Amino acid sequence: MCFLQGYVFVDRDGKHFRHILNWLRDGVVASLSDSECSELMREAEYYQLLGLVDGITEFLNRKKDGEEMDTELTRTDIIKCAQSEKVRLRGVNLSGLDLSKLDLSYVDFSFACLKNVFFSRANLQCAQFRDVDAENTIFHNAILRECEFTGANLRGALLAGANLQSANLQDACLIDCSFCGADLRSAHLQTADLTNANLEGANLEGANLKGAKLHNANLKGANLQRAYLRHVNLRDTHLEGAKLDGANLLGAIR
């Protein structure tokens, strides 16, 4: 966003901007397809319109209530399972489920299909997501401290405002992910693919980014103090306003 002779220029695709304006005027979320809702969700996150994010989530949840689910378990099933100890949902297809605001800490989701699942504001501390397919999944404001995401596919996932402190995202596909304002302190991101990821304002203090791909990643205003960035290619990374005090940049390409 920049100002030109009294005008405000917003460098975003204007495809869904009318829906944003209409929501600001009357508070009603437009009836859109799932793919269009995903695109609008990303725009709402960019403009920090958290009320619109919640509205889109509620709209999609109501829509899914009227459709036949192609999953192996329902939200009710998950709630019942979560009351047991050492819950394992390894390899289960949960795509499209609304699991927002649930306490799913320590649950093992390894190898599961979690595409388009809603984990908004869920407690997932220490949960296992090893090698999951969680493309376009919503983790908005979720607690993901010390979670295991090794080898996971999180392409296009929304993790804005999530707490990922000490989470292990090594070798994860994080292309087009949004970590805007997320807490990634001491997170493990070695060799993770963060191409086109939005980490604006994220806290990456002490994070390990050794070998991570940061092509066109947005790290504007991010806290990278004491982060490990040795031999990382930062040439096409947006670092305006980022804090790099004490960061290990030995051999980094800038």
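This is a predicted model: local features need pLDDT of at least 70, side-chain atom pairs count only at pLDDT 80 or more; totals for chains, interfaces and linings use all residues.
Local features here need pLDDT of at least 70 and side-chain atom pairs count only at pLDDT 80 or more, while totals for chains, interfaces and linings use all residues. Residues are numbered from 1 along each chain as its sequence is written, and side-chain values use heavy atoms, with hydrogens and water left out.

**Helix α1**

Let's start with α1, which spans residues 17-26. Helices here are DSSP runs of H or I with at least four residues, strands are E runs of at least two, and both are numbered from the N terminus. Within α1, His19, Ile20 and Trp23 are buried; that word stands for under 20% relative accessible area, with exposed meaning over 50% and partly exposed lying in between (1.4 Å probe, protein chains only). Looking down the axis of α1, the buried residues fall within an arc of 100°, so they line one face of the helix. The arc is taken from the directions that run from the helix axis to the C-beta atoms. Arg18, Leu24 and Arg25 are exposed on the other side of α1. Just after the helix, glycine 27 takes a positive phi of about 75°.

**Positive phi beyond glycine**

Most residues other than glycine have a negative phi. Two residues that depart from this are worth a look in your viewer:

| Residue | Phi | Relative accessibility | Class |
|---|---|---|---|
| Lysine 101 | near 65° | 64% | exposed |
| Asparagine 116 | about 60° | 36% | partly exposed |

Lysine 101 is found in the segment after α4, and asparagine 116 lies in the segment after α4 as well.

**Cysteines**

How many disulfides does the structure hold? It holds zero, where a disulfide is a pair of cysteine sulfur atoms within 2.5 Å. Cysteine 37 is in no disulfide, and the nearest cysteine sulfur, that of cysteine 177, is 19 Å away. Cysteine 37 counts as buried at 1% relative accessibility. For cysteine 147, the closest cysteine sulfur belongs to cysteine 126 at 6.8 Å, which is too far for a bond. Cysteine 147 is buried too, at 1% relative accessibility.

**Glutamine 190**

Finally, glutamine 190 is found in the segment after α4 (75-82). With a relative accessible area of 16%, glutamine 190 is buried. Leaving aside residues up to four places away in sequence, glutamine 190 touches Gln170, Asp171, Asn208 and Lys210, a contact being heavy atoms within 4.5 Å.
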